[in-house]
Structures are given as structure tokens and as C-alpha cells.
Amino acid sequence: MRIKQSIQHKYCADGSFMKEFLLDSPLTKEFFLYLGNFGSIEQVPNLGGGFYKFDKPDWFSIKGFAGDTTVEVRFKKETMDITVDFLYLLFSSYHDGPVDLTVLKKKETFRAARVSKHLYGK
């Protein structure tokens with residue numbers, strides 16, 4: 001699954017920076033389950049059963065409907081420069097069938113250290 005382009009972006013009232021992305025294929029439940037390896041996921045049943053939210057605190061959150069080819073991503077403004085490439089990597093690394101998470105987990109660990117140092121001086 002690839003991000004084709006950013007089709008909308010804006011600063012939000014909560015201080016986050018929202019980008020809406022156009023994808024080359026529709027979102028799936030399996031994609032959100034895959035994201036669960038990197039943060040928390042939630043299916044929101046009151047919105048027709050196909051709406052999912054993913055959250056990786058201090059990094060970004062992803063919201064979208066299974067079957068749609070657009071997705072909303074809200075970045076923590078202070079860490080967006082550190083985490084945006086990981087977002088692209090998450091999308092481009094996903095495919096049908098098992099995904100080897102080894103490289104992704106190493107890259108996540110490296111960025112987590114940078115995020116922590118940037119936000120908390122640790």
C-alpha cells in the first residue's frame with residue numbers, strides 16, 4: 001500500500017497537524033491490525049463498523065474507513081519531522097500476508113529515542 005499524495009493539510013485546534021492522504025489501494029481491517037504492532041488500534045462501532053483509529057502517542061494517529069482510499073493522519077507538531085518518514089514506511093511495507101516486522105521495529109526504536117530526546121531531553 002502506498003501513499004500517492006497529500007490532498008489536504010491544516011493545523012488543528014489541539015495543536016496537531018493534520019494531513020489527508022490519497023492511497024493507491026483501499027484501507028483494510030488487516031492493515032489496521034498490522035498497525036497494532038506499533039501502537040493502539042480501535043474499531044469504532046458507532047460509525048458503521050468499518051471505522052478504525054490507530055494511535056502512537058507523541059508520533060501520530062491514523063483514522064479511516066475500511067474500503068476508502070483516503071486516510072487522515074494527525075501528527076504531533078513537535079515530532080512530525082522525526083516521524084513522517086516512519087509513517088510512509090509503515091504504509092509502503094504493508095502487503096497481503098505476513099509482514100516481517102524486524103526492520104520496522106529497529107527503525108521504530110531508533111525514532112522513539114529521537115522523539116524522547118526531542119520532547120523530554122531523555
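These are my notebook entries on a predicted model.

**Ground rules.** I number residues from 1 along each chain as its sequence is written, and side-chain values use heavy atoms, with hydrogens and water left out. As the model is predicted, local features need pLDDT of at least 70 and side-chain atom pairs count only at pLDDT 80 or more, while totals for chains, interfaces and linings use all residues.

**The core.** I started with the largest nonpolar core, which has 29 residues. Such a core is a set of buried Ala, Val, Leu, Ile, Met, Phe, Trp, Tyr and Cys residues joined through side-chain atoms within 4.5 Å. The residues with the most contacts inside this core are F31, Y34, F60, I62, L87 and F91. At least two residues each come from β2 (17–23), α1 (29–35), β4, β5 (60–65), β6 (70–75), α2 (80–93) and α3 (102–120). Helices (H or I, at least four residues) and strands (E, at least two) are DSSP runs, numbered from the N terminus. Helix α2 gives the most, six residues.

**L87.** I then listed its contacts (heavy atoms within 4.5 Å). Leaving aside neighbours within four places in sequence, L87 meets I3, F21, F60, I62, V73 and F75.

**K56.** I found K56 in strand β4 (residues 51–56). Is K56 buried or exposed? K56 is buried, with a relative accessible area of 11%; buried means under 20%, exposed over 50%, partly exposed in between (1.4 Å probe, protein chains only). Not counting residues up to four places away in sequence, K56 touches F38 and E108.

**A66.** My last stop was the loop between β5 and β6, where A66 sits. A66 is partly exposed, at 35% relative accessibility. Beyond four places in sequence, A66 touches L27, T28, K29, G50 and Y52.
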